[in-house]
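Open the model in your viewer and keep the selection panel at hand. The stops below say what to select next and what is there.

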There are 4 protein chains.
Amino acid sequence: MHNPSKQDKSVGRPRSEAAKTAIIQATISLLDTVPFSNLTIEAIAKQSGVSKATIYRWWPNKEALLFAAFLHVTTVDVNFEPALSIADNFRQVIGDLVVILNQPLGRALITVLIDQPERVTAFQTTFFEVKRRAAKQLLTAGQAQHVIKPDIDLDKALDMLFGAVYLRVFLYTEVVDTDYIDAVIAAFMQGIRQD
Amino acid sequence: MHNPSKQDKSVGRPRSEAAKTAIIQATISLLDTVPFSNLTIEAIAKQSGVSKATIYRWWPNKEALLFAAFLHVTTVDVNFEPALSIADNFRQVIGDLVVILNQPLGRALITVLIDQPERVTAFQTTFFEVKRRAAKQLLTAGQAQHVIKPDIDLDKALDMLFGAVYLRVFLYTEVVDTDYIDAVIAAFMQGIRQD
Amino acid sequence: MHNPSKQDKSVGRPRSEAAKTAIIQATISLLDTVPFSNLTIEAIAKQSGVSKATIYRWWPNKEALLFAAFLHVTTVDVNFEPALSIADNFRQVIGDLVVILNQPLGRALITVLIDQPERVTAFQTTFFEVKRRAAKQLLTAGQAQHVIKPDIDLDKALDMLFGAVYLRVFLYTEVVDTDYIDAVIAAFMQGIRQD
Amino acid sequence: MHNPSKQDKSVGRPRSEAAKTAIIQATISLLDTVPFSNLTIEAIAKQSGVSKATIYRWWPNKEALLFAAFLHVTTVDVNFEPALSIADNFRQVIGDLVVILNQPLGRALITVLIDQPERVTAFQTTFFEVKRRAAKQLLTAGQAQHVIKPDIDLDKALDMLFGAVYLRVFLYTEVVDTDYIDAVIAAFMQGIRQD
DNA sequence: GGATAAGCGAGACGGTACGTCCCGTCTTCCT
DNA sequence: AGGAAGACGGGACGTACCGTCTCGCTTATCC
C-alpha cells in the first residue's frame, strides 16, 4: 500500500514540483517566439528562475524536456462518441490533433521526431497508436454496420486521412481550420462510404 | 553600355566551382551519419577541405546550404507519361518522392521546414507545387476521360495521397517500399475511380 | 544586515585560483618564445589547460592579462637602505628594474604602454611613481645631508637616470649588466654630487 | 657605372610610384586613429585604393611598411650649428626628435622595435647612431674647448639625455614641449659643464 | 606592331584566431 | 539531498585578417 502523505521516504530535501512545472511552462512560453533549434537550456533556466543543474536533474537533454512538456499539456485520450456519426467523430479527433500540431510545442515535437527517428518509438504507443487504433475501430465498426465499404484497406485509408492533415499543417503551412477539416473528411468519407 | 541580362562582367577571382561541389558533397555525406541538428559548418569545412569563410561566403547559414545541397541533387521535374495509366503515373512520381524523402537530405530539409515555417515558401513554388500541379493535371485529365469521379475535391485527394507518404516515411518510420506505394495508390484509386 | 566592507558573500562556485595561476604561468612561459604581438589567447588556453572562456571571464583582452601577469611576478616595493650610500641604493633599485625590463614580460608591458598610451595610467601610480617617489626621497635626503647639490632639478635628474636604462635595454638592445649600471650611476652621481 | 635615369631595364609594366606613395600616406593617416597593433593591411589597401597584392609586392609585412613610411617622412640628418652653443644645438636635435616621437608613426616604430628587438639593427646605423654620433662629436668638441668636464663618460651622458626624452614621451605620457626640453638640457648641462 | 612580361584592382581561397554562446558538469553555500 | 548561483573545460559559432592565388586588364620593353 502506498502512503502519499509521507512520500517515498527518501533522505534529503524532496524535489520541487514547483521547479518542474516552472521549467515546463518556460519551455512552452519560449517556444512561442523561438524555434526549437534555437531554444537553449540556459534560456529556460533563466526564464523559469531555476538553475541549469535542476533541469538536468530531471531531464537529460532538451529533447526529453520537450517530450515531457508535450505530454504535460496534451490530452492523448481519444473518446469516440457512439452517438455521433463516423464523420463527426473524425471531426472531433482531427480537430484535437490540429490544435496540438498548430502549437509550437507540436511543431517542435515533430521536428525532433523527424530529425532523430530513433525517438519516434517513444511516441508510437503513447500517442500515434492511441489515435490510430481508436480511428481504426471506428472504421471497423462502420464496416460491420455496412456504412463503410468492406474491401477498404483501413491502414492506408487512415494514413491518407491523417497524412493530409500533417501535410497541410507543416509543409503547406496553410491555415487548417474547421472548413478544411470538414472538407478533407468529406473527401475521405466519399472515398470509403458504402452507397 | 552595360548589359545586365547575362554575362555578369565578373571582376576579381572567380569563385571555385570545385569548392562549391566539395562543400555540397561533404554536407550530403555527413548527413548520412549525423542528424541535421548536430551537423556543424566546421565539420563540413574539414570534410570538404574548404575554409569556413568560403562556406559563409556563399551561404549565410547551414539551412541555406542544406537547401542548396537538396536542390543540387534533386530532380524536380515531373514528367507524366500519357501512355501509362493514372495509377502507374502516380507510382512513378510517388516512387521518386519516396527516394528523396528517405535520404537524410530529405529528412533534414523537412525538419528545417517544420522548425522554421517561414522557409517553406522557398520550396513552395520550386518543389511542392511542381509535383502537385502535375498530379492535379493528371486527375483533371482523368475526370475528362470519365475515369475519375467528377465531383472529387482534387486538392483534398492529393493532400491525402501525398500526406500518406510523408506520414509513413517520417512519423511511422516504417519502410516505404513499392509494396506500400502500390497499396496506398490502390486505396487512393479505389476512392476516386469512376465505376 | 549587509556588510559590504569585505567578505563579498560569494554565491555560486568560487573561481579557481589554480586556473588563474595556470593562465598567468602560461602567459609568461609563452612570452619566452613568442613576441607579445604574436601571443594568442588560444595558445595560452591550450598551454594552461584552461578553456578560452575562463580566460575571458577574468580578463577582457590579452593586454589586461599581460598586466595581471606582470603585477603577479613583480615586486613593486622599493626599500631603500639608509645604511647604504645613495649610489648603492640606486644600484639596488636600478638592478631590480633591469631584471624586470629584461624579461619578456617587461618588454611586452612596455610595448603595450607605448602602443596604447591610454593604458599608462594603470601603471603610473602602482609602478612608475612608486619607484620614482622613493628615488626622489633619496635625493632629497641627500640634499639635506649636503651630499647632493641643492639646486638640482630632481625630476629631470631622475628622468635621465631611469631613461638611460630604458633606452639601453629597449632601443640599443645591448646587454645591461652591473658594469653598465655602475657606470651610469657613476656618471649620474658625478653630475649631481656636491663637492 | 650605374645609370639611374634609364633605370634597371626590366621588362613588363613598371611599378606604380603613385601606388607606393598612396600606401604610405594611407598608413600614416590610419595611424592617427588606430594603434599599430590594430592596423591592418586590408584597411590600408581600402584607404589607399590599392589592392592587397600590391602592398605585399612592395613590403613583406606591415612592420616593413611601417619602417618605409617612417623613413619616408623622417629627416635623419643632423646638422649641428657651430655658431650655436652646445645647449642650443641640443635644443635643436632634441626638439626634432620629440616631434618624431610624438607622431603616431614614431610611437608605432618604437613599439615594433621593442616587441621585436631583432629589428632594431635596421635602425641602429641609419637613425639612432646618426643622432648619437653627432651629439657625441658636439660633446667631444666641448671637451676640447674646456666647456665640458674632461672626465665625463660621454656615452652614459648621452644615454641619460636621450633616455630622459624617450621616458617622458612614452612612459610618463606627459606633454614634452620646449619648456621640458629646455629644463632637461639645463639639468644635463649643469651636470657636465666645466666651471 | 605583335609578342612577351610584369604590375595592378578585384576578390576568392585555405587558414588562424578572435570573442561569444551554450553545452553538460562541477563546486560552493544555503534550505 | 535538493536547489540557486555561477565557474569550469569544451566545442562551435560567425567574423576579421592573414598572405596567396587567379582572373581580366593595363603598361611597358623587346624583337
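Select residues 17–31 of chain B, helix α1, together with residues 62–73 of chain B, helix α4. These two helices pack with their axes 10 Å apart and at an angle of about 95°. Axes here are lines fitted to C-alpha atoms, for helices over the stretch in contact, and angles run from 0 to 180 degrees between N-to-C directions. α1(B) and α4(B) are therefore roughly perpendicular to each other; angles of 65 to 115 degrees count as such, under 35 as roughly parallel, over 145 as roughly antiparallel, and the rest as oblique. Helices (H or I, at least four residues) and strands (E, at least two) are DSSP runs, numbered from the N terminus.

Now show the side chains where the two helices meet. α1(B) contributes B:Ile24, B:Thr27 and B:Ile28 to the contact, and α4(B) contributes B:Leu65, B:Leu66, B:Ala68, B:Ala69, B:His72 and B:Val73. Residues are in contact if their C-beta atoms, placed from the backbone, lie within 7 Å. By class, this contact has seven nonpolar, two polar and no charged residues. Ala, Val, Leu, Ile, Met, Phe, Trp, Tyr, Cys and Pro count as nonpolar, Asp, Glu, Lys and Arg as charged, and the others, Gly among them, as polar.

The model is predicted: local features need pLDDT of at least 70, side-chain atom pairs count only at pLDDT 80 or more, and totals for chains, interfaces and linings use all residues. Residues are numbered from 1 along each chain as its sequence is written, while chains are lettered from A and ligands numbered from 1 in the order in which they are written.

Next, select chains A and B. Their contact takes 34 residues from chain A and 34 residues from chain B. On the side of chain A that touches chain B, α6 (104–115), α8 (154–171) and α9 (178–192) each supply at least two residues. α8(A) gives the most, with 13 residues. That side of chain A has 22 nonpolar, six polar and six charged residues.

How is chain A superposed on chain B? A rotation of 180° with 0.1 Å of shift along its axis does it, with an RMSD of 0.1 Å; superposition is by least squares on the C-alpha atoms of residues with pLDDT of at least 70 in both copies. That is the relation of a two-fold axis.

No contact joins chain B and chain D, whose closest C-alpha atoms lie 11 Å apart.
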